[in-house]
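The exercises below take one chain from its overall dimensions to the surroundings of a single residue. Each task is followed by a solution that can be checked against the coordinates.

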Amino acid sequence: SALRGTGFAPIEDVFSGPEIDEIRKFLADKPVTYDITTEAGTSQHEALVGEVPENVSLARYSASDLCQCPLIYNVIHNENLINLVGTYLGAPPSIATIATWWSFPDRTQPEKDQPFHHDRDDFSIAKLFVYLTDVTPVTGPHAYLLRTHATGFLREGAAQFTPKQADTFWAWMEKFMKPEDEVLGIFGTQRLKIATGPRGTSFLEDTRGLHRAVYPREGFRLAFEIT
């Protein structure tokens, strides 16, 4: 009901503290991939997380490594989660991606954040997010604009505009990336959900709604996701 109504639903923690310790121990000797961008272009690199250069803000583990972790394997096959997501989607769910990644402060652009966007992976989508580290307002929380996943809500908003303004609104919605000032100028701050919490914090989200990553200002964040 919460997922249908707002696009965002906290759920019981998927992993316990000791299980997160086991996952991090499993990943300790697994490489991460990250991008380096120079004037010549962007190149992909691989290293252990402790060897990632300071100018990197994102580093991901491979899905094949993740699927070999028994605790992650169990969550992928958790019948309660499968049934819950299937009920929401109205169809047997299929997994598109599995991801775990580190987010680090961007030393070159300390105030930079990912713009708001809405995923276009499929006609219907739900994502499971799990924090594997404590997440505070300064260590990279996830941000979601409640109800923007629902076409009916967007139509209600567009109905308040003149026809010309409504056309501009729908053209703006078609843009993949949207600056924060534009998004909050249209929808306001009262619908903005900033997801913080201790490690283990878990939530489901319809990422057709507007969302973004707030990059860490200090510390780091490790997150797990199933699409």
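**Exercise 1: The chain as a whole**

Of the 227 residues in the chain, 44% are buried, where buried means under 20% relative accessible area with a 1.4 Å probe and protein chains only. The model is predicted, so that local features need pLDDT of at least 70 and side-chain atom pairs count only at pLDDT 80 or more, while totals for chains, interfaces and linings use all residues. Residues are numbered from 1 along each chain as its sequence is written, and side-chain values use heavy atoms, with hydrogens and water left out.

*Solution.* Begin with the secondary structure, which comprises eight helices and 13 strands, both being DSSP runs numbered from the N terminus (helices H or I, at least four residues; strands E, at least two). Along the principal axes, the C-alpha atoms fill a box of roughly 60 × 45 × 30 Å.

**Exercise 2: The nonpolar cores**

*Solution.* A nonpolar core is a set of buried Ala, Val, Leu, Ile, Met, Phe, Trp, Tyr and Cys residues joined through side-chain atoms within 4.5 Å. The largest such core has 35 residues, and those with the most contacts inside it include Phe15, Ile72, Val75 and Phe224. Among the elements that give two or more residues to this core are helix 2 (17-27), helix 4 (70-76) and strand 13 (221-226). Leaving out residues up to four places away in sequence, Val75 touches Val14, Phe15, Leu81, Leu128, Phe224 and Ile226, a contact being heavy atoms within 4.5 Å. A second, separate core of twelve residues includes Phe169, Val183, Phe187 and Leu210.

**Exercise 3: The surroundings of Ala47**

*Task.* Decide whether Ala47 is buried or exposed, and list what Ala47 touches.

*Solution.* First place Ala47 in strand 3, residues 41-47. Its relative accessibility is 12%, so Ala47 counts as buried. Beyond residues up to four places away in sequence, Ala47 touches Pro31, Val32 and Tyr34. For Tyr34, which lies 13 residues from Ala47 along the chain, the C-alpha separation from Ala47 is 8.4 Å.

How values were computed
Buried means under 20% relative accessible area, exposed over 50%, partly exposed in between (1.4 Å probe, protein chains only).
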